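Student: Could we go through this one together? I keep meeting terms and want to know what stands behind them.

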Amino acid sequence: MSEVVKLAVTGHCAVITIDAPPVNALSAAVRRGILENVMAANADSAVQAIVIACAGRTFIAGADITEFGKPPQPPALNEVIEAIEGCAKPVIAAIHGTALGGGLELALGCHFRVAVADAKHGLPEVKLGLVPGAGGTQRLPRAVGPEFGVKMIVSGEPISASEALEHGLIDEIVEGPADGAIAFAKKVVAEQRPLRLLRNDDSKLVAARADRSLFTAAAAAATKKNRGVNAPLACAEAVSWTLDTPFDDALKKERETFLRLVNDDQSKAQRHAFFAEREAVKVRGLPKGVKPRPVERVAIVGAGTMGGGIAMSFANAGIPVTLIETGEAQLTRGLAMMQKSWEATAARGGIAPDEPAKRMALIDGKIGLDNVRDADLVIEAVFETMAIKKEVFTAIDAHAKLGAVLATNTSYLDINEIAAVTERPQDVLGMHFFSPANVMKLCEVVRAERTAPDALLTATTMANRIRKTPVVVGVCHGFVGNRMLAVRGLQGEALLKSGALPDQVDAVLTRFGLPMGLFAMGDLAGLDIGWRSRQDRGLRWDIADAICESGRLGQKTSKGYYRYEPGSRAPIPDPEVEKLIDETCKRLGLTRRAIGDQEILERMIYPMINEGARILEENIAARPGDIDVIWLYGYGWPVHRGGPMFYADLVGLKTIVERLEFYARSLNEPALKPTALLARLAREGSSFASLNAARTAG
Ligand code: 3HC
Ligand code: NAI
């Protein structure tokens, strides 16, 4: 008897219920339970139809990802699906929640599928660097047509019940999943409907088989955007077999591809990212029983680039916001930007036409800091100057209600120092969002020395509510992400002095998979920001400063590390910059040399990894996986490379230590020496993955 799969017969209908929380993933026990019960129901002469349903919050959400890479346990999912397909009685999948991956593949093996109205259906394997491995690439296109099928499988995006009905993926939308499926089963039996085996149904393939051009165009459109990632192309190829390869042969090829990709570093990286994100959002070390404080209204101070984006994120989640500025002009400009942004989304079809007005109605614009009084959470996003932050927090402290959580969006400043100007440092912390704040998923939640556990939990809970990924970090200059970014910036400057040019460095980074190069990103953000911050800290970067001193402040002046044609954001390498770099180096007595791409990659990435290790030594981040999540969601690190710390393990920590020692020596830069933690892990033959496991368990 299976513990996780139960069989009940009501009337002439057998209902097989899977009950394996949290998401009914297809572990070996679940597969075995389904197989046994399907065979039992099929053999029971009193049974005329079989329903497969799930208990809990969702239909089967896929294969059990934790089993990947381990020795396979019988029965294989394909075997279970074939048993279902081969039943002499109609088998109906009763879908609620999310039918994903192997879950949808199992449903596709059923003869019929019904779903509740808010159910989602998808094959997200591509997001784990995989192709569907249990017939999804062959049965889904037979249900919905190969053009729509390739789009669904390559994007991995789920579709709603109404879309599923429209495209023929499900047969009916029902009210309750099991009851609806039983009623549907009765109809099927009464009408003696023939069993539909998708494996034998090529009706939706006929047109594409006669003229492949439509499919080729759909596959090309679906795979257009991928940057050096293997799975999307493999998915498209697998779907193409529906047009020319017999079903069983295609199934065999699909399985081989799945097994090849499961062992590929890209899939390992993507699976690491999946679990790292889910670990990162869990706040550890909190006293038992601590609860988040209730939050009904949020106040955002500052309606600039960040304040506006943060306010939009809250309004998007239906949470009312008081948006506070110093004057009418700033407030009006801020509100107008938000409205424009929502209207652009509505025009693209991203939200309903009435949504911009609904969301604007949730934002209450006000002048003056006394307006924080009704808020349960206050987020400050004013200028990045300590004196101003202190002034603003003193005023917030005077007006905010007792128990309100007070957050700053500072990028670099010392939050302990900000908290100290208030009478309630236990309520103060950082909520560091990333630009554009209404889009980027990351929120570094910065725990200051005296932050209370329930204040911290309130911040992470609220970040989750607005669909961000919160990662708890400690106080230091730049926290985790920007601190590592600063190290990379410094190495960029050093590379230019050694002989590289901005476009050469950027090309290496974009080929690696980052969305933008270091210097193009600087031009986009504005070079004066870093210049001013260096001046404040008494630092001089000879080349970067010389560029700014010549009036080149980036895209806003049409010139920076690159030049820009009027109205264009495309960076064009500029001989004037090369001349400026040459002259600066001559003045400093430096000889420039040709630099290879491998050296650029190593000098860009390895010092960041070293800084990540230092951050772990100082416990500013709890786990290597947290650092990876920060880079994946805050800086566009390519997911198929898992994050900088995951990438370090792939390269091998011994190699990274050797190369850092080499550069520290040859460039005479002691700061590049491997940190004690990195050196120890390398010496012990260990990895960040082991450290991650130890710190997650501990
Ligand atoms: N295998 C193992 N564990 C899984 C899992 C899976 N497929 N899906 C989710 N989980 C775990 C999560 O790790 C998490 O565990 P935790 O509580 O210990 O951290 C727990 O279930 C709950 O997950 P979420 O926090 O993500 O819950 P949500 O409600 O936010 O989301 C979900 C639910 C939409 C189902 C989301 O978890 C998800 O997208 N899961 C992955 C789905 C997927 O990729 N399926 C395809 C797998 S590959 C496959 O099926 C191969 C086949 O073709 C052979
Ligand atoms: P911004 O200059 O676009 O906006 C700041 C706004 O604050 C202005 O509209 C200003 O009028 C308002 N303001 C100033 N003093 C105020 C006061 N006393 N009361 C109410 N409003 C006041 O600046 P931006 O870029 O939005 O940055 C804000 C904060 O967010 C800074 O601390 C910055 O470091 C941080 N940040 C910025 C990011 C970015 O990419 N721009 C990314 C992450 C954090």
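**Around the ligand**

Tutor: Let's begin with the shell around ligand 1: its residues divide into 14 nonpolar, five polar and six charged. Here Ala, Val, Leu, Ile, Met, Phe, Trp, Tyr, Cys and Pro count as nonpolar, Asp, Glu, Lys and Arg as charged, and the others, Gly among them, as polar. This is a predicted model, where local features need pLDDT of at least 70, side-chain atom pairs count only at pLDDT 80 or more, and totals for chains, interfaces and linings use all residues. Residues are numbered from 1 along each chain as written, chains are lettered from A and ligands numbered from 1 in written order, and side-chain values use heavy atoms, without hydrogens and water.

Student: Which residues come nearest to ligand 1?

Tutor: Of the 25 around ligand 1, they are Arg-57, Glu-105, Glu-125, Arg-278 and Lys-282. To be near, a residue needs a heavy atom within 4 Å of the ligand.

Student: What makes the pair between Arg-57 and ligand 1 a polar contact?

Tutor: A polar contact is a pair of N or O atoms within 3.5 Å; within protein, one must be able to donate a hydrogen and the other to accept it, and residues adjacent in sequence count only if both atoms are side-chain atoms. A polar side-chain atom of Arg-57 lies 2.7 Å from an oxygen atom of ligand 1, so the pair qualifies. Lys-282 also has a polar side-chain atom 2.8 Å from an oxygen atom of ligand 1. With Ala-63 it's a polar backbone atom, 2.8 Å from a nitrogen atom of the ligand.

Student: How much of ligand 1 does the protein bury?

Tutor: Taken alone, ligand 1 exposes 990 Å², and the protein buries 72% of that. Such areas come from the Shrake-Rupley method with a 1.4 Å probe; for residues, only the protein chains shown count as cover.

**Strands**

Student: What makes β1 and β2 a pair?

Tutor: Strands pair if DSSP finds at least two bridges between them. Six bridges join β1 (residues 5-10) to β2 (residues 13-18), so they pair, and they run antiparallel. Strands are DSSP runs (E, at least two residues), numbered from the N terminus, while helices are H or I runs of at least four. Lys-6, for one, has Thr-17 in β2 as its bridge partner.

Student: Why are β12 and β17 at the edges of their sheet?

Tutor: That open sheet has the order β12-β11-β10-β13-β14-β15-β16-β17, with mixed pairing. β12 (363-367) and β17 (469-474) each have a single partner strand, so one side of each is left without a neighbour in the sheet.
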